[in-house]
Amino acid sequence: MQARRTEADAFYKSITPTRVNEDEALVMRQALAGMLWSKQYFYFDVDLWLTEHGDDPMKPGGRSIRNSEWFHMVNQHIISMPDKWEYPWYAAWDLAFERT
């Protein structure tokens, strides 16, 4: 545990500008730690999902699936979530928090 603390201290010290005082450095460290903690990886491969669920949007007479023409869509992105414990799923609004 102490080794990880030492590594974390060294990391934050290396990215903290020398002009900030101890209190400002602590605020910066807490803010950066919060940003790192809220990252979440999302992966959504529509074709893989359809295959796993036995759906084929191109099959004649099959059930109607919303956005069936999107079977080629593959999303993978690291997103900063506001509360990743509260929003653990992939939703359309997730990318509204990201700048592209």
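1. Basis of the model. The model is predicted, and residues are numbered from 1 along each chain as its sequence is written. Local features need a pLDDT of at least 70, side-chain atom pairs count only at pLDDT 80 or more, totals for chains, interfaces and linings use all residues, and side-chain values use heavy atoms, with hydrogens and water left out.

2. Confidence. The mean pLDDT of the chain is 79, and 74% of the residues score at least 70; pLDDT is the predictor's confidence in each residue, from 0 to 100. Helices (H or I, at least four residues) and strands (E, at least two) are DSSP runs, numbered from the N terminus. Where pLDDT is low, the predicted coordinates should not be read in detail.

3. One joins Glu 7 and Arg 4 at 2.8 Å, N to O. Both residues belong to helix H1 and stand three residues apart, about one turn of the helix. Arg 4 is exposed at 52% relative accessibility, whereas Glu 7 is partly exposed at 46% (buried means under 20% relative accessible area, exposed over 50%, partly exposed in between, with a 1.4 Å probe and protein chains only).

4. Salt bridge between helices. Asp 9 and Arg 29 meet at 2.7 Å, N to O. Asp 9 is in helix H1 and Arg 29 in helix H2 (residues 22-37), so this pair ties together parts that are 20 residues apart in sequence. Asp 9 is partly exposed at 40%, and Arg 29 is partly exposed at 27%.

5. Asp 45. This residue lies in strand E1 and is buried, with a relative accessible area of 17%. Its side chain makes a polar contact with the side chain of Tyr 43 at 3.5 Å (a pair of N or O atoms within 3.5 Å; within protein, one must be able to donate a hydrogen and the other to accept it, and residues adjacent in sequence count only if both atoms are side-chain atoms). The side chain of Asp 45 also reaches the backbone nitrogen of Asp 47 at 3.1 Å.

6. Nonpolar patch. Tyr 41, Tyr 43, Leu 48, Val 74 and Ile 78 form a nonpolar surface patch with about 500 Å² of accessible area together. Such a patch joins nonpolar side chains (Val, Leu, Ile, Met, Phe, Trp, Tyr) within 5 Å, from residues with over 30% relative accessible area and no salt bridge. Strand E1 (39-45) and strand E2 (74-80) each give two or more residues to the patch. Leu 48 lies in helix H3 (residues 46-52).

Definitions and conventions
Patch = residues over 30% accessible without salt bridge, like charges linked within 9 Å, V, L, I, M, F, W, Y side chains within 5 Å. Areas by Shrake-Rupley, 256 points an atom, 1.4 Å probe, with all protein chains shown as cover. Salt bridge = Lys/Arg side-chain N within 4 Å of Asp/Glu carboxyl O.
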